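Dear colleague,

I am passing on the structure that I have been looking through, and you will find it just below. My notes on the cross-links and charged pairs follow it.

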Amino acid sequence: MSQLRSRRRLALAVPVVLSLTASLGFLPAAASAAPRAESAAQTADAPKLAYVVNTKVDRRTIASVEKAIGAAGGTVVATYGRIGVIVAHSSNPDFAKTVRTVRGVQSAGATRTAPLAAAGTKEEGAVEYLTAAQAERTEAASAQTPESEPLEADQWDLRTIGADKAAKINPGSRKVTVAVIDTGVDDTHPDIAPNFSASQSANCAGGKPDTSEGAWRPYTPEDYHGTHVAGEIAAARNGIGVAGVAPSVKVSSINVTDRANGLFYPESVVCAFVFAADHGVEITNNSYYVDPWLYNCMDDPDQRAIVDAVNRAQLYAQKKGTLHVAAAGNSNHDLDADAIDDASSPNDTTPVERTIDPHECFDIPTQLPGVVTVSSTGVDNEKSYFSTYGKGVVDVAAPGGDRRYQIPDTPSKDGRILSTMPNGAWGFLQGTSMASPHASGVAALLKSKHPWASPAQLQALLKAQADRTACPESYDQDGDGTQDAVCEGGKRVNGFYGYGIVNALRAVK
C-alpha cells in the first residue's frame, strides 16, 4: 500500500489458511446467562465506541440479541442477518463484556480504541503529481507507438505484464465489475468515467451503506488512494491520460474510510463485502488493512470479534461469487516468520510495542481464507524493497513500483506507478496497494474469458497464468553485505512471488 491521509498504511498478506480456519472454528460458544441490569447504566462522560456483535444467524436469536444490546446500553446501527453480524454503538464501558454473556452471541468486541468523533481531515503528501513538463515528454514518447494512450510511455507496469498487448486481444467484458474498497473513487475523472458503475457503488463508513449520488467519492483531494487504484484496474483506452490493466471492465467504488481520520474500521469493511456481494460484483480490490490493529490476535476478545465479523462478510461474498484480491503490505515483514515486532497498533490512539505470531495474529482481510494475497515487484521483476512476503502466504506478485532500486527507462524515469488522481489529475505512487489492482485487473480479464468461473477457480487460473519467478540468488539491495529479506521456496512457488508474477497477455490467450 501507499501512504494515506492520516498515517502510514500497510496492506495485508495471507498466512496459513488452515491455521486461521482452525482458529475460527474454535470460537467459544456463547454463555446462556442474561445480561446484568447494572451493566446497562451509562457513564455520562464515557466515550462512545463502535462494536461488532457476532451471533447465530436465525432470526429469533438476532432479534433477541438486538434487544439485549439495547438493555446493555447500546444502539443498533446495522444488522447483517444473513451472516449474523450486528454493528452497535455504546458508551457503556462494560458493553462488550455484558453482551458476550447473551445467549446466541458467539463473539463481540470494540472495533476501535478511540471514541467516535466529529469529522475532520489530515493532510498526507505521499503522491507526486505528474508535472506539465513530464506530461509533455511522455506524450511525445507515447505518440511514437500507435494506439497508445497519451501518458502510456510512463506505464512500464503495463508492458511488464503484457497488458498493452492483451488489450488488443481482449480488453475485458462490460459484464465484469471490480469494486474498489478504499478511500473513494472520483468517478468524474475522464479516464474512469467511461467504465464507472454507480449502481454498484456506496459509502459504507460506519457500517451502513449510503448509495446517494456521489457518496462513494473521496472526501478531499488528499483521499486520492482509491482513485489511483481504480485507474490502475480500468482506466479507459479513450485517448486520454493512462490505460488500466483491463480497460473495458467496469469499476465501482465502496468508500470505507472514516471521515474523521481516514481509517478503515471493521464495521465499514463488513458493510462493503456484503454490499459488493449483494450487488453482483465479481471481484473486490482491497489495498488496505482493517484498523486499528495491524495484526488481530485471537487471544484478545475484541480483536477476535473483528476477525470473526470481517471473515463472515468476506466468506458470504465468496459464496455469492465474489473473488477478493488484497495487498500484502509495505513493512517488508515475513508473514511465515515465527515472530514479528509490531509497534504500530492500535493506530487510532497510542500504539504499543508487541511481538506477535503471524500464524495466530492476523492481518485482515488479506490473511482470511480464500483471499488472494499480492506482493509487489519493480520494473526488474524483483520484489520491491518495501513489500511484505512469506512462503505459503503470497499467492502472486504484480507491479507495485520501486523508486529506490528499480528505475525504468521511461520519459519520467520514475519507478513508481502512474495512474489517475482526483480532479482530473495523474500521479505516481508505489506500494503493494498498487500491486493488488494489477492482479485484480488480470483477474477481471480471466473472469471476462471464463464468466462461469467460481472465486476458487478464478484464483487457480490467476496462479496458473502467472510467470514463474525464482528466488533471487541475493537480496542485498543496498549492498551492505546483509540480506534485506530471505526468500524461501523454489521456482514454482516461493515466499517473494508466490506462484509468479501475473501476466495479462497469457490471461487473455
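**Notes on the structure**

R416 has a relative accessible area of 3% and therefore counts as buried, a word used here for under 20% relative accessible area, with exposed meaning over 50% and partly exposed anything in between (1.4 Å probe, protein chains only). Its partner in a salt bridge is D414, with the closest N and O atoms 2.8 Å apart, where a salt bridge is a side-chain nitrogen of Lys or Arg within 4 Å of a carboxyl oxygen of Asp or Glu. D414 is buried too, at a relative accessible area of 8%.

Please keep in mind that this is a predicted model, in which local features need pLDDT of at least 70 and side-chain atom pairs count only at pLDDT 80 or more, while totals for chains, interfaces and linings use all residues. Residues are numbered from 1 along each chain as its sequence is written, and side-chain values use heavy atoms, with hydrogens and water left out.

By the salt-bridge rule the count comes to 15. Among them is the pair of D395 and K463, whose closest N and O atoms are 3.4 Å apart. This pair links distant parts of the chain, since D395 sits in the loop between β15 (372–377) and β16 (396–399) and K463 in helix α11, 68 residues apart; helices (H or I, at least four residues) and strands (E, at least two) are DSSP runs, numbered from the N terminus. Both D395 and K463 are buried. In the salt bridge of D467 and R506 (3.4 Å, N to O), by contrast, D467 is partly exposed at 28%, and R506 is partly exposed at 45%. R82, D278 and K320 are linked in a network of salt bridges.

The structure also holds three disulfides, each being a pair of cysteine sulfur atoms within 2.5 Å. C204 and C271 form one of these, with their sulfur atoms 2.1 Å apart, and the torsion about their S-S bond is about -60°, so the disulfide is left-handed. C204 is buried at 0% relative accessibility, and C271 is buried at 1%.

A disulfide also joins C297 to C361 (S to S 2.1 Å), and it ties together parts that are 64 residues apart in sequence, because C297 lies in strand β10 (residues 296–297) and C361 in strand β14 (residues 361–362). The torsion about this S-S bond is about 105°, so the link of C297 and C361 is right-handed. Finally, C471 is joined to C487 (S to S 2.0 Å).
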